[in-house]
Structure formats: structure tokens, C-alpha cells
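Colleague: I am new to this structure and would like to go through it with you step by step. Could we put it on the screen and begin with the overall picture?

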Amino acid sequence: MDKIFIVQEPNRLDKFLALNIEASRNQIEQLIKKEYVKVNGKTISKTGLKLKIDQEVEVHFPKTELNPIKDEEFVKNSLEDKDVKIIYEDEYILVLNKPYNLTVHDAPSVKDATLVDWLKLKKISLSTISGEERHGIVHRLDKGTSGVMVIAKTNEAHAGLARQLEDKSMGRYYLAIIDLPLKDDLIIEKPIARNPNNRLKMAIIDNGKNAKSAFTKLVSSNNEKYDLIACKLFTGRTHQIRVHLSTINRHILGDNLYGFKGELNKINRFYLHAYNLYLIHPITNEKMSFTANLSDDMHNFLTKNFDMERVYDKIDETNIISSFNSFS
């Protein structure tokens, strides 16, 4: 599908497109860099090109399509122990409960099959606006984090969901089990960037990207050593919850990368779970909310160490949401 616009006043190409098409800044940048934009018939790859009055801007929107998967047997074998559960699906969006130890999309360091490979294996139609490796991916979760994600099946849905990420009308609440109880509910607002001494980690860096997280205490373990907490992100930085918790000497159980030390060496991942997702359907405008059941390992740990009657009461969706009402 192509759209043509006539420039009415001087502007930068990316800013002009932001005013005329429904897409996020990142999507506009991708359209230009992938040479889907022409100015007066000439293909343009420079986002900051200065436009003049009466110039013609043509934008090509690639069709939603199924793309070839990696070797099918390799993908099947790699995903054999990864139980991806579908929570909701219609012709525009798909909501999933991602298992831990599954990477969302390809990157140079990724060797195993990804969630995108699983989607292609299932022959699910995916949006194409974010590029080959990220078809359908609106937001992501770390490999070790389990929980709820929304997938875009069309480019129109993808653009709508991306706008919600930017204006914060879509978001998630997380559950985590930490190694020391919280003293109080709190907000941490500290900038995050790549750790200059360890490229696998992020860190609090003065000139990093703004990052803001809220944490609220839910239940302490029977021996009062651990806390089940809820977390809400106001920004979406890599490893944000883990980095911010480490600044108050709190660590998610199993998160050895950010300083967890303990006797629980049988934990093979960190206990962080994206529990609840709220959004507005990008096509119907219906307000929607989805909850992803805890993974078996987290549930079993809670059962052995916490009063489950209190846990079930505290992780009720309404309670989780209301526990953050005092935060802004």
C-alpha cells in the first residue's frame, strides 16, 4: 500500500511523516532507512532530509506477510521444552504468556530459536513494520523473564500499540521474589545505560536514559527472609527492574548477574514475571486487561515458602492495580 503527500511548509522528513502517518518514531525511522520513502520520485534513506514546499512524499507500507522460518527441525528441537501459552487472539493482536529461557527475537548473540521463530512456525500472520528479526514484536521481555506480551498481527495494529507504549496507555505490572524484604513502597528514578565495565549488564549512569520504577510490597515469606513484590515501569529500559532494585541492595532470587547470593543455587533463572498487561485494542478501542499465570517454578517456590491464601489475595488483578494508585 502506498500513500502520497504534498509538502505544505518546510520540515524535516521524519517530522513530516510523524504528522501525516500513524506510526511511532522508530517505525518512521525504519521506513526511511529501509528505503520505503521517496521524495519527488527519488528513494530517500536520510531521516533528517529537509523538505521544501510542494515536494511530493511517497510512502510504501510493506504488506503483512508470513516469512520463512529457520530450519524447521532445528526450531522444533530448540523449542521442545518451551511452553508458549496463548491467552487471547483475534485477527489483529495475539497475547501470550512467554516462558522463561526464551529469547524474544534474533540478535547476533542468539543461537537458539526465538519467540519470533515460534510465531512463524505456527504460521501466525505478523506485522512487518519493525524489521525481519522483530516481526510482530511491539515490546519485549528479557530471556529470563516470563509473562505476558502482546504481538501485533497487522501493521495497523502495530502502529496503534506502539503509540500506546509512547503515551503510556499500555503497560505491565510485574511480580518478583526478592532476597530481602522491602522497608517501604517506593519509587526509584535513576538513569540507566550500558555498564562500561561489563557489557552484559546495565548500570546507573549519570548521562544514561531516564528510568523510573515503582515497587510495592505484597507478602513476606513465612520465615520473613523473602518478599513477593509488585513492580510497575514508567519507562522501558533494559534490565530496569533488576538495576533499580540493586541500588537499594535488593536482588531478585536467582539474579546472579546483579548481585544475588544465597543458598538457593537450584534456581536456574531469576524470579521475575510480567503478570498483568493493560492496553486499548488498537482497532476496536476496547479497554483490555490480561493476566499471565505464574510459571511452575515460581508457583512452587511460593507454595513452599509463603502463605498461599495471602499470596492469592494479594496478586488479585484489582489489588495489584490499586496498590500503585498512590504513585504517579
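Colleague: How many helices and strands are there in the chain?

Modeller: Before counting, please note that this is a predicted model, in which local features need pLDDT of at least 70 and side-chain atom pairs count only at pLDDT 80 or more, while totals for chains, interfaces and linings use all residues. Residues are numbered from 1 along each chain as its sequence is written, and side-chain values use heavy atoms, with hydrogens and water left out. Helices (H or I, at least four residues) and strands (E, at least two) are taken as DSSP runs, numbered from the N terminus. On that basis the chain has 9 helices and 17 strands.

Colleague: What percentage of the contacts with a separation of 6 or more is between residues 24 or more positions apart?

Modeller: A contact here means heavy atoms within 4.5 Å. Counting the contacts in the chain with a separation of 6 or more, the part that joins residues 24 or more positions apart is 66%.

Colleague: Which residues have the most contacts inside the largest nonpolar core?

Modeller: A nonpolar core is a set of buried Ala, Val, Leu, Ile, Met, Phe, Trp, Tyr and Cys residues joined through side-chain atoms within 4.5 Å, where buried means under 20% relative accessible area, exposed over 50% and partly exposed in between, with a 1.4 Å probe and protein chains only. Buried residues make up 50% of the 328 residues in the chain. The largest core has 73 residues, and those with the most contacts inside it are Leu115 and Ile177.

Colleague: Which strand gives the most to this core?

Modeller: The strand in question spans residues 171-178 and supplies 6 residues to the core. There is also a second, separate core of 17 residues, which includes Phe5, Leu13, Ile28 and Val59.

Colleague: Is alanine 152 buried or exposed?

Modeller: Alanine 152 lies in strand β9. Leaving aside neighbours within four places in sequence, it is in contact with several residues, among them Tyr92, Leu126, Gly136 and Leu161. Because its relative accessible area is 0%, alanine 152 is buried.

Colleague: What is the relative accessible area of leucine 126?

Modeller: Leucine 126 is placed in the loop between α4 (115-121) and β9 (146-152). From arginine 237, which is 111 residues away in sequence, leucine 126 is 25 Å apart in space, C-alpha to C-alpha. Leucine 126 is buried, with a relative accessible area of 2%.

Colleague: What is the phi of lysine 168?

Modeller: Most residues other than glycine have a negative phi. Lysine 168 is found in the loop between α5 (155-167) and β10, and at 45% relative accessibility it counts as partly exposed. Although it is not a glycine, lysine 168 has a positive phi of about 70°.

Colleague: What is the phi of glutamate 224?

Modeller: Glutamate 224 has its place in the loop between β14 (212-220) and β15 (227-233), where it is exposed, with a relative accessible area of 59%. Glutamate 224 is not a glycine either, and its phi is positive, at about 65°.

Colleague: How far apart are the C-alpha atoms of asparagine 256 and tyrosine 92?

Modeller: Asparagine 256 is found in the loop between α6 (240-246) and β16 (272-280), and at 55% relative accessibility it counts as exposed. Asparagine 256 and tyrosine 92 are 164 residues apart along the chain, and their C-alpha atoms are separated by 38 Å.
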